[in-house]
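Dear colleague,

Please find below the structure that I am handing over to you, with its sequence. My findings follow directly after it.

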Amino acid sequence: MDFSYSEEQQMLQESVQKFVMQKYDFYTRGDIIKTEAGYSAENWAMFAELGWLTVPFTEEDGGFGGKAVDLMVMMEEFGKGMLVEPYLSCAIMGGTLIADLGNEEQKGALIPQIMEGAMITAVAYAEQGSRFNSNNVSTSAVASGDDVVLNGAKTAVLGAPNAQTIIVSARESGAATDADGISLFLVDANAAGVSIKAYTTIDGRKAGEVTLTDVRVPATARLGAAGGAAAVLGAVIDRATLAVAAEAVGAMDSLLTKTVEYSKTRKQFGTAIGTFQALQHRMADMFIQCQLARSIVVRAAMILDSDEDAVSKARAVSSAKSRVGKAIRKVGQEAVQIHGGIGVTDELDVGHLFKRVTALDLMFGNAEYHLQRFASL
Amino acid sequence: MPSDGPIFETMGGLSAAEKLSSKRSIFAYQLTPLVLVLNPEKAVLSAEDRVPGARLPGRIEVNCEAIRRLCTIRAKFNVRLANSHSYDTHTTLCHRNRRQTVNADFTAEELAFQAEVREFLANEFPAELKQKVDKRIRLSKDEIVGWQKILYKKGWMAPNWPKEYGGTGWTPTQKYIFSTEMGLVGAPEPTPFGVTMVAPVIMAYGTEEQKQRFLPDILESNVWWCQGYSEPNAGSDLASLKTMAVRDGDDYIVNGNKTWNTYGQYADWIFCLVRTDNSVKKQEGISFLLIDMKSPGITLKPIVLLDGHAEVNEVFFDDVRVPAANLIGEENKGWTYAKVLLTHERTNIAGVPRGKRRLASLKRIAAETDDGFGGTMADNADFKAQLAEVEIELQALEYAELRTLAALSVGKAPGPESSILKIVGTELAQKMDEMTVELAGYNCLPFVPEQFEEGFEGEQMGPGSSAAAALSYFNNRKLSIFGGSNEVQRNIISKAVLGL
Ligand SMILES: Cc1cc2nc3c(=O)[nH]c(=O)nc-3n(C[C@H](O)[C@H](O)[C@H](O)COP(=O)(O)OP(=O)(O)OC[C@H]3O[C@@H](n4cnc5c(N)ncnc54)[C@H](O)[C@@H]3O)c2cc1C
Ligand SMILES: Cc1cc2nc3c(=O)[nH]c(=O)nc-3n(C[C@H](O)[C@H](O)[C@H](O)COP(=O)(O)OP(=O)(O)OC[C@H]3O[C@@H](n4cnc5c(N)ncnc54)[C@H](O)[C@@H]3O)c2cc1C
């Protein structure tokens, strides 16, 4: 048994750490969020240069290896810096879907571009009624000659406002929650009939509501077999779920560190508030939560990289996301509480970390959802 | 409060047994951890209530004002007492014959009052305001003041003030009914800083002139007050505050820095704790000063909170001249006055009616929220369990509050037990925020605070007010921090109640 990182993983970790320290302080991040694009193209180019955009891809596809553990290592550091660049939506979700479902032609056209930072993708899978069930798809895909016509509305599409290509889930057959009948299509974000209502999320990213009105795409824009995308979509979402759980582990680590530091410097009643046992125990509990969260994420990452079957992998992801979600509430709320008034302001990074982890708890299903999914699998 | 009325003591459950056995108590109704003890030396039992004979056919109302008021509280303690009022007999009877009944019915008059409040709210609470509250759009200062003026016209602006100052003179039950009905329709309670916070201090410790000058404008909502206690380095440790007021002829000259002033941007006046003596124990050098916000030398710096709204401010005082006539009570006694205010602040914080309204709205939203598998969140076992848990907690909180009111109604200042209401009330509100976020799911991801402001003309994000869920969750983390943080409240319970 060995939980230590490989040399490559250590290098990856250090390179993200260095980037966050040198290029991504709290105020720089705030300025990036205020820009129209909501992310830094310069940073994105640097991600490409540093090879980070290759991490989700296998060596076969020209990538770093495509291991869940690698993603975990990187996302944890992203979490500490609260990065807003569309890494999750583009590289992990879009990239992995194309890698896992695309034909050689699609892969050849898109994956190198993604790795070079020249193509941003987003995945539109959620709908108003679907909650966290990616098999709940009402958006329709109807064949029309050599084309397919898409109609429907997608919600909470992370990275949509910056994407050139949006991967849309749509139903070719079956009832609203059937796994069979769901296809994925590569849709040009500028295609006629695509409208995107862009917004900034509570944790400083860009996302959008995507409406498709008679959007015509060639049948060759379909990823994989007609109506057969559900299983891979589910697996990619699970992988992304692990990634956000790892990101939350990093963000919680920052929350804990900053809270402990603050408690040592903030004085009330003539002494540092960190000397109050009432607060010490709470920070000790935060530490416990952080450790359990990290442990269960490591477990899930290892299972995703193993030969275990799909159900075991899904269970491992749900167990991690559920446990991390529980830790998120505790660590996030306590960090704010122990900071007192300054914790609820926009001025301090702690509040923003709290907002980030709150969003991460929601992403792909909150603690309660994954607890129930775990129990039902 | 009748000065010759009975005295109810509230005390911790542990010492209750001792006190009960003490010869001074003739009657005790024990509800752990609150114990109400009637002191016989001050109780007055009227002749007509004394039924001859040892056995009682029915119930006897103890005819003294305070007990009647206690009994008319919704959680009425209909006291069955034996007829004898002699001290020894009572002690004996009390031990032998403890069949006190508790009921929670309203009397006919109370029901009539409830109907009157409902009718008033139905007719007078502006539909436009109600709509905004329902859509979670922030009310403007004018709207808040406008609504308070409607309350004033009806004579209902100050339920907690004595009649002589223009208060309602209501019984605790009436106050309870009023705030419940207000909460249930979402009508905002008057902003607390004037009517609930500074006014009781002015009434208790102000001069006649100060009362004339300030109270009517508070009642009519002509003047908006804010609270200037906290400072950057004096939060939980409020007594360490440093803002200085130095006497100079008929004025004080104030220098320093207050912070977290809620709605300071709306305020005409600020009530401040200032340091007037540096040479004594920190609590003993503090004074209570009223300051006109228009005074030269005051500047405000807004502080944006996590929901994107600048609800609080930093307030800087730079050689601000304040007439000494604005000092409340004696110099260096401010801490005593402020503490009284703080406990009053605490009793209003349980927020049960608002909680009930939110619970109802959570149930409604759950029934409208798809679970993603063909059902709704109202059928989701885990969510149902959470709803049930909140409902049960609200019930317990409601009765804890009623029991505190019962103690208050007989003239006691709110005791340390009121910390329970603050802790549980705020944590319950925060729990409901979490549940609102859970229901909203992805719909609470958009950070578009502007859409909950008056006059927003952009495109609405998220169905209904779902995009407000996270904003409210973030903002309401304040509840366990301000008004004496929940840690400080627990310290109070440990020390003042449990004697640790
Ligand atoms: C079933 C059992 C088996 C045991 N087996 C062994 C054994 O094999 N060998 C052995 O040597 N001992 C053994 N112990 C003893 C055990 O280690 C002691 O019970 C333990 O150290 C606590 O001491 P105490 O019982 O005197 O409680 P106390 O030390 O009096 O503690 C009382 C309470 O105060 C709390 N407390 C104490 N100090 C602090 C502090 N600084 N801050 C906050 N809270 C505090 C404690 O956590 C506890 O809740 C055993 C005990 C039990 C119950
Ligand atoms: C939104 C908002 C509105 C406010 N409005 C007003 C207003 O209008 N007027 C006004 O005067 N003030 C206002 N306040 C200030 C509020 O009362 C203070 O924030 C509060 O007293 C806590 O002080 P602090 O923020 O400095 O935290 P600190 O006192 O620094 O506390 C930091 C942490 O330490 C804990 N702590 C402190 N002492 C102890 C102890 N002895 N034991 C255990 N734990 C302890 C606290 O509970 C907290 O968790 C407002 C605050 C907020 C957030």
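In this predicted model, the exposed residues A:Tyr27 and A:Lys34 sit on the face of H2(A) that is turned away from its buried side. The buried residues of this helix, which spans residues 26-34 of chain A, are A:Phe26, A:Arg29, A:Ile32 and A:Ile33. Because these residues cover an arc of only 120° around the axis, they lie on the same side of H2(A). Their cover includes helix H3 (41-49), helix H4 (68-81), strand E6 (194-200) and helix H10 (349-362) of chain A. At the start of H2(A), the backbone nitrogen of A:Tyr27 has a side-chain oxygen of A:Asp25 within 2.9 Å.

The second topic is ligand 2. Residues from chains A and B surround ligand 2, so its site is shared between chains. There are 29 residues around the ligand, of which A:Arg266, A:Gln337, B:Ser236, B:Ser485 and B:Glu487 come nearest. By class, this shell has 13 nonpolar, 13 polar and three charged residues.

Several polar atoms approach oxygen atoms of ligand 2. For B:Ser485, an N or O atom in the side chain is 2.5 Å from an oxygen atom of the ligand; for B:Glu487, a polar side-chain atom lies at 2.6 Å; and for A:Gly341, a backbone N or O atom lies at 2.7 Å. Taken alone, ligand 2 exposes 960 Å², and the protein buries 94% of that.

Helix H9 (310-339) of chain A, together with strand E8 (251-262) and helix H15 (486-497) of chain B, are the elements that give two or more residues to the shell. The largest share, three residues, comes from E8(B).

With kind regards

Terms used. Residues numbered from 1 in each chain as written. Chains lettered and ligands numbered in written order. Predicted model: local features only at pLDDT ≥ 70, side-chain atom pairs only at ≥ 80, totals over all residues. Heavy atoms only, no water. Buried < 20%, exposed > 50% of the residue type's maximum accessible area, 1.4 Å probe, protein only. Helix = DSSP H or I, 4+ residues; strand = E, 2+ residues; numbered from the N terminus. Arc of directions from axis to C-beta. Contact = heavy atoms within 4.5 Å. Polar contact = N/O pair within 3.5 Å; in protein donor to acceptor, adjacent residues only side chain to side chain. Near = heavy atom within 4 Å. Areas by Shrake-Rupley, 256 points an atom, 1.4 Å probe, with all protein chains shown as cover. Nonpolar A, V, L, I, M, F, W, Y, C, P; charged D, E, K, R; others polar.
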